[in-house]
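The structure comes first, and the notes follow by topic.

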Amino acid sequence: MPSRFLARLGVAQPLVLAPMSGASTPALVAAVSNAGGLGSHGVGYLAPQAILDEAAKIRALTDRPFALNLFVLPDEFEEDEEAIAFARATLDALMEREGLAVRTSRPERWAPRFSEQFAALCEARPAAASFTFNLLTAAQVRELKQRDIAVIGSATTLDEVRAWAALDVDAISLQSAEAGGHRGSFLHRPEEGMIGLFALLRLAARAVTQPLIAGGGIMDGRGMLAAEVLGADVAQLGTAFLACPESAAAQAWKGDLSRAQDSSITTIRSFSGRAARGLRNTYVEAMAAVESRLPGYPVMNALTAPLRRAAAAAGRGDLISEWSGQGVGMLRAMPAAALVASLLEEYGQARQGLS
Ligand SMILES: Cc1cc2nc3c(=O)[nH]c(=O)nc-3n(C[C@H](O)[C@H](O)[C@H](O)COP(=O)(O)O)c2cc1C
């Protein structure tokens with residue numbers, strides 16, 4: 001059964017590349033779209049013009065449909081001066097101890113304005129757009145639909161699924177507890193939104209009529225089929241693509257992923273101020289005791305940017321945000337087109353086995 005959501009977009013294969021800010025690239029997105037799936041690009045960290053530039057780069061590499069993804073945030077952010085001062089002093093001391101020659105600074109803005117990013121996304125007109133961290137307004141959903149951009153809302157709990165369904169979006173993307181990267185939870189605290197894919201998928205499939213895109217821990221064709229059997233319209237894979245040459249994950253991150261296990265994954269707030277799933281490393285352990293005193297997202301994310309950049313340049317994977325899902329032990333380092341071909345072959349074989 002082809003995905004009814006993807007068929008509408010003209011996408012033939014039942015596979016979505018998850019948007020991955022900091023790891024997805026135009027080359028990765030285009031490779032997946034050219035191989036018949038739907039490539040998605042995480043552009044949530046980018047300024048409006050950069051979003052337009054990335055869309056143009058994807059279009060130079062493929063004429064197939066693709067999706068763009070944004071973090072739904074307010075335009076201005078709360079500044080807790082005490083927490084900022086504490087975070088800067090803690091990070092500066094850590095960088096000194098670890099021999100990194102950079103220090104924190106206060107950026108002009110903590111993050112781009114969402115309203116301007118949203119306008120750029122509308123102008124870029126991808127076939128689909130997905131949103132995480134919060135709901136859109138009804139007017140924003142209308143604006144996307146008027147431009148013929150299919151709207152995907154991300155949910156981590158049944159309440160969040162229902163909230164997106166009430167906005168009449170075109171599909172709902174489930175981010176289960178297994179998933180790598182930032183937790184998208186917005187109606188619940190992240191620890192309450194850690195629902196495994198088996199439960200989340202069945203709950204959602206019984207509750208709403210929108211097509212469901214299932215993500216979290218899916219690493220092979222058998223997992224893709226399992227998601228479909230449980231009620232998903234299509235499977236979305238993120239971590240599975242992190243070790244591809246087209247992924248922007250730093251070399252040291254890729255190396256650490258190749259040695260990581262399911263038990264290496266933890267929930268981390270200290271890199272960005274927002275809960276995310278990734279590898280437990282030197283930075284995570286050093287900051288664990290002070291997590292509750294750090295500023296929230298995106299302030300902390302901006303404050304750790306110099307450290308993350310310097311550590312990546314120095315090959316220090318143990319000091320960067322090494323996002324990963326729990327399926328990391330099944331990671332394959334191969335070009336994205338070859339990985340898609342393998343996934344689809346496994347998926348076909350698993351289907352045959354079932355029938
Ligand atoms: C490195 C990385 C970056 C991510 N960035 C985003 C993002 O920008 N926007 C988003 O909606 N989800 C993001 N995610 C979550 C994925 O979209 C998806 O939920 C997840 O990858 C699925 O689980 P898996 O990693 O086990 O395949 C990210 C995940 C990873 C691993």
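Pro-298 lies in the loop between α11 (282-287) and α12, where helices (H or I, at least four residues) and strands (E, at least two) are DSSP runs numbered from the N terminus. The model is a predicted one, in which local features need pLDDT of at least 70 and side-chain atom pairs count only at pLDDT 80 or more, while totals for chains, interfaces and linings use all residues. Residues are numbered from 1 along each chain as its sequence is written, and side-chain values use heavy atoms, with hydrogens and water left out.

**Backbone features**

- A cis peptide bond, with omega at about 5 degrees, joins Tyr-297 and Pro-298.
- Phe-133, in the loop between β4 and α6 (138-146), has a positive phi near 80 degrees although Phe-133 is a residue other than glycine.

**The largest cavity**

- On a 1 Å grid over the protein atoms alone, a cavity is a set of points where a 1.4 Å probe fits but cannot get out, and lining residues have an atom within 4 Å of a point; grid points are joined across faces, edges and corners, and a volume is the space filled by probe spheres set on the points.
- The count comes to one cavity of 30 Å³ or more, and about 580 Å³ of space lies in the largest cavity.
- The largest cavity is lined by 38 residues, of which Ala-18, Pro-19, Met-20, Gln-175 and Gly-180 are the closest to its centre.
- Two or more lining residues come from each of β3 (66-71), β4 (128-132), β6 (171-175), β7 (181-182) and β9 (234-237), with the largest share, three residues, from β6.
- The lining of the largest cavity divides into 16 nonpolar, 21 polar and one charged residue, with Ala, Val, Leu, Ile, Met, Phe, Trp, Tyr, Cys and Pro counted as nonpolar, Asp, Glu, Lys and Arg as charged, and the others, Gly among them, as polar.
- Because domain 1 (1-73 + 112-246 + 335-355) and domain 2 (78-110 + 249-329) both give residues to the lining, the largest cavity lies between them; the domain bounds come from an automatic or database domain assignment.

**The ligand**

- The ligand is surrounded by 22 residues, the closest being Ser-21, Asn-69, Gly-217, Gly-238 and Thr-239, where a residue counts if one of its heavy atoms lies within 4 Å.
- An oxygen atom of the ligand is 2.6 Å from an N or O atom in the side chain of Thr-239.
- Polar backbone atoms also take part, with a ligand oxygen atom 3.3 Å from one of Gly-180 and a ligand oxygen atom 3.4 Å from one of Gly-216.
- Taken alone the ligand exposes 600 Å², and the protein buries 96% of that, with accessible areas from the Shrake-Rupley method with a 1.4 Å probe.

**Pockets**

- A pocket is an open set of points with protein on both sides within 12 Å along at least five of seven lines, and the largest pocket has a volume of about 810 Å³.
- Among the 33 residues that line the largest pocket, Ser-21, Gly-22, Tyr-45, Asn-301 and Arg-308 are the closest to its centre.
- α12 gives the most to the lining of the largest pocket, with six residues.
- The second largest pocket holds about 180 Å³ of space, and its lining residues include Tyr-297 and Pro-298.

How values were computed:
A polar contact is a pair of N or O atoms within 3.5 Å; within protein, one must be able to donate a hydrogen and the other to accept it, and residues adjacent in sequence count only if both atoms are side-chain atoms.
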